[in-house]
Amino acid sequence: MDFEGILLGMGNPLLDISAVIDQDFLTKYDIKPNNAILAEEKHLSMYDEMTSKFNVEYIAGGATQNSIRVAQWMLQIPGATSYMGSIGKDKYGEEMKKNAKDAGVNVHYYEDESPTGTCAVCVLDGERSLVANLSAANCYKVDHLKKPENWALVEKAKYYYIAGFFLTVSPESIQLVAEHAAAKNKVFSMNLSAPFICEFFKDQQEKVLPYMDFVFGNETEARTFSRVHGWETDNVEEIALKISQWPKASGTHKRITVITQGADPVVVAEDGKVKLFPVIPLPKEKLVDTNGAGDAFVGGFLAQLVQGKPIADCVKAGCYASNVIIQRSGCTYPEKPDFE
């Protein structure tokens, strides 16, 4: 089987500025634990404050890019994955290119005049909270996607993954890829990504939902999705089922909903049934930080999916990948996976 460019991701490439911070810092900037938000005016000074006050690490991130890098790492097949998004023409952008190249991902970045986007990763007691300043990532244009050398990546791929965060930037690009996937019987997947996406980008999300063959998310996002749609249930299994039964644009693939719940079992809804898969237990003292855990889960899952493996194997690989990631700082991993 030819794996070259089999998996394509599109999203917001962000340089993670990661640090273990204190409660005062969270309070000062009004940051809730285990959340993901876009930076507002009041957050703009926090990036400099973090770098001056705490011991920071710079890691190439952004949700989709994390998942694609992890899938590439799990596959160990050079060039199996590609990725598009917008960066700035600056040192952070250069860092991002180098990082992606080292990871073996075929990146086609759009380069904008604004600075490369950054994401403050505030870690406290192992839990992460994200504040993203999209900047250049916010400037992705559908014209870049339509360029022959970039659209060729879309044509070549058989599987697509886009985090919900990209709905805030280029719903038009998402729609193009989604419609291509439906027309060519390929597999299109997205992530709920954050409660604010389900709330404030509900229309954009609903427009593309019929095209999603796989919907990923975590329990908080699933519950927000349920509330926004007036479903009056907090039961994650019920919500996963309802999302999987949402009408589809193409009948080739059924929709499968995959919801992670931290240390609790992974919920998978398909064919009107729900299955639960236990995660790999990790003693508290081994937890470094949860940044990238959900992204890594998706990356591991997709690495098996593109090889035609059954869903149980995909979930197992997802759990393996997230277990590796949470024992390290940021979305990083050892040289080789030892997934069986």
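Which residues line the largest cavity? The lining consists of Ala181, Ala182, Asn185, Lys186, Tyr211, Asp213, Lys248, Ser250 and His253.

The structure is a predicted model, in which local features need pLDDT of at least 70, side-chain atom pairs count only at pLDDT 80 or more, and totals for chains, interfaces and linings use all residues. Residues are numbered from 1 along each chain as its sequence is written, and side-chain values use heavy atoms, with hydrogens and water left out.

**Cavity and pocket**

On a 1 Å grid over the protein atoms alone, a cavity is a set of points where a 1.4 Å probe fits but cannot get out; a pocket is an open set with protein on both sides within 12 Å along at least five of seven lines, and lining residues have an atom within 4 Å of a point. Volume is the space filled by probe spheres set on the points, which are joined across faces, edges and corners.

The structure holds one cavity of 30 Å³ or more. The largest cavity contains about 30 Å³ of space, and its lining divides into three nonpolar, three polar and three charged residues. In this classification Ala, Val, Leu, Ile, Met, Phe, Trp, Tyr, Cys and Pro count as nonpolar, Asp, Glu, Lys and Arg as charged, and the others, Gly among them, as polar.

The second largest pocket holds about 230 Å³. Of its 14 lining residues, Asp30, Lys32, Asn35, Ala36 and Ile37 lie nearest the centre. At least two lining residues come from each of β3 (36-38), β8 (127-133) and α8 (195-200); helices (H or I, at least four residues) and strands (E, at least two) are DSSP runs numbered from the N terminus. By class, this lining has seven nonpolar, three polar and four charged residues.

**Helix packing**

Axes are lines fitted to C-alpha atoms, for helices over the stretch in contact, and angles run from 0 to 180 degrees between N-to-C directions.

| Helix pair | Angle | Axis distance |
|---|---|---|
| α10 (219-228) and α11 (236-244) | about 65 degrees | 10 Å |
| α3 (63-75) and α12 (293-305) | about 45 degrees | 7 Å |
| α12 and α13 (311-325) | about 145 degrees | 7 Å |

With an angle of about 65 degrees, α10 is therefore roughly perpendicular to α11. Angles under 35 degrees count as roughly parallel, over 145 as roughly antiparallel, 65 to 115 as roughly perpendicular and the rest as oblique. The crossing of α10 and α11 is left-handed, meaning that the near helix is turned anticlockwise from the far one by less than a right angle, whereas clockwise gives a right-handed crossing. Glu219, Ala222, Arg223, Phe225 and Ser226 in α10 are in contact (heavy atoms within 4.5 Å) with Val236, Ile239 and Ile243 in α11. These contact residues comprise five nonpolar, one polar and two charged.

The angle between α3 and α12 is about 45 degrees, so α3 is oblique to α12. α3 and α12 cross in a right-handed sense. Residues of α3 in this contact include Val70, Ala71 and Met74, and those of α12 include Val298, Gly299 and Gly300. The contact has eight nonpolar, four polar and one charged residues.

α12 also crosses α13 in a right-handed sense. Among the residues that meet here are Phe297 and Phe301 in α12, and Cys314, Val315 and Cys319 in α13. The contact of α12 with α13 has 12 nonpolar, four polar and one charged residues.
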